[in-house]
Amino acid sequence: MKIKIVWLMLVLIFVSGCGDSTDNAQVEDTVTIENTVFSEKEDAEQNNNDVEVEEDEENSYKNMSGKVVVLGDSLWGLDKGPEGIAGCLEEITSLEVKNYCIPGTCAARIEGFSGTKDSMIAILVDNQDARSEEIRNEISESQYVFIEHCNNDYSMGVPTTGEDNCYEQALLDSISVIKELNPEVQIVMILPTLGYLINMEKLTSEYDSGSGTIDAYIDVMKSVAEKEGARVVDMQKAWTLTKENWSEYLVDGAHLKKEARREYAAYLAQELNRLIEN
């Protein structure tokens, strides 16, 4: 099966080299990303503008407890410290978040980019990775599994449907294993935020990477969620990203700034709280 690989310095493909020591040898990035240095100066500027969750709102989210396993890429996996999305979510809620997001990875098996062994389906279904047993054990004991994989499958032009190694099949096969491991677990599809392709001056909702725009992959996530009884959180509603304001939220067109990670976690907590109450 041939997969159309769209490079053109596509800044959306998530960069590796950060995260846990377990991720050190994960992904060799093949894309040039401009101005992605997380400097002390930027952090200082961000500190002056941090958006704090209101105390009463934060307390209202403390009723959410339990263990969450997150499967995804560098949007979550790039920063696994207290200022990353998982860390912010733990601060806002009473959830224990197990962040197994690996920078540079896809849901589907993609050779030549992240490597087959690092894809979600390879870890869960094929059991090819050293962390497979640990992740499987955590899923069996968790109350929630978040699936965030989407952006890299889009960036690599992975077929959305109709092929053995398409994005839809990767989601379905992975969810099947998750349900076998833990029939009671609540699966939540975390729809991606928009990205901005700096060199092409286009939003990911405007650029066809080979199998459609990011919206085509979001449609698959929604369809699979409906079929499998999973919940959906639309993270594009956390803010309105445009060509004019993308730099307020994104460092490089793909990865979130410190303040945006906090906003992302706050909106996610709000939506999770709503789902639980309903």
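This section describes the fold, the nonpolar core, the helix packing and selected residues of a predicted model.

Residues are numbered from 1 along each chain as its sequence is written, and side-chain values use heavy atoms, with hydrogens and water left out. In this predicted model, local features require pLDDT of at least 70 and side-chain atom pairs count only at pLDDT 80 or more, whereas totals for chains, interfaces and linings use all residues.

Of the 278 residues in the chain, 54% are buried; buried denotes under 20% relative accessible area, exposed over 50%, and partly exposed the range in between, with a 1.4 Å probe and protein chains only. Among contacts (heavy atoms within 4.5 Å) between residues at least 6 apart in sequence, 75% join residues at least 24 apart.

The largest nonpolar core comprises 79 residues. Such a core is a set of buried Ala, Val, Leu, Ile, Met, Phe, Trp, Tyr and Cys residues joined through side-chain atoms within 4.5 Å. The residues with the most contacts inside this core are W76, F146, L171, Y264 and L268. Helix α10 (residues 258-277) supplies the largest share of the core, nine residues. With neighbours within four places in sequence set aside, L268 is in contact with W76, L89, F146, I190, V233 and M235.

Helix α4 (residues 85-92) is mostly covered, with six of its eight residues buried. The buried residues of α4 are I85, A86, G87, C88, L89 and I92. The axes of α4 and α10 come within 8 Å and cross at roughly 50°; axes are lines fitted to C-alpha atoms, for helices over the stretch in contact, and angles run from 0 to 180 degrees between N-to-C directions. The two helices α4 and α10 are therefore oblique to each other, since angles under 35 degrees count as roughly parallel, over 145 as roughly antiparallel, 65 to 115 as roughly perpendicular and the rest as oblique. The crossing of α4 and α10 is right-handed; a crossing is right-handed if the near helix is turned clockwise from the far one by less than a right angle, and left-handed if anticlockwise. On the α4 side the contact is made by I85, C88, L89, E91 and I92, and on the α10 side by R261, R262, Y264, A265, A266, L268 and A269. By class, these residues divide into nine nonpolar, no polar and three charged; Ala, Val, Leu, Ile, Met, Phe, Trp, Tyr, Cys and Pro count as nonpolar, Asp, Glu, Lys and Arg as charged, and the others, Gly among them, as polar.

Helix α8 (residues 167-181) packs with helix α6 (residues 132-140) at an angle of about 60°, the axes being 8 Å apart. The orientation of α6 and α8 is therefore oblique, and their crossing is right-handed. In this contact, R136, I139 and S140 of α6 meet V177, I178 and L181 of α8. The contact of α6 with α8 has four nonpolar residues, one polar and one charged.

The axes of α8 and helix α9 (residues 214-228) come within 10 Å and cross at roughly 35°, again in a right-handed crossing. Residues Y167, E168, L171, L172, I175 and K179 of α8 contact Y217, V220, M221, V224, K227 and E228 of α9. Eight nonpolar, no polar and four charged residues form the contact of α8 with α9.

S174 is also found in α8 and is buried, with a relative accessible area of 0%. Residues up to four places away in sequence aside, S174 touches M120, I121, L124 and V125. The C-alpha atoms of S174 and A122 are separated by 8.9 Å, although these residues are 52 apart along the chain.

A107 lies in the loop between β2 (94-99) and α5 (120-124) and, at 0% relative accessibility, counts as buried. Beyond residues up to four places away in sequence, A107 touches S119, M120, I121, H149, D153, Y167, A170 and L171. A107 and C166 are 59 residues apart in sequence and 9.1 Å apart in space, C-alpha to C-alpha.

E201 lies in the loop between β5 (196-197) and β6 (202-203) and, at 54% relative accessibility, counts as exposed. Most residues other than glycine have a negative phi. Phi of E201, by contrast, is positive, near 55°.

Definitions and conventions: Helices (H or I, at least four residues) and strands (E, at least two) are DSSP runs, numbered from the N terminus.
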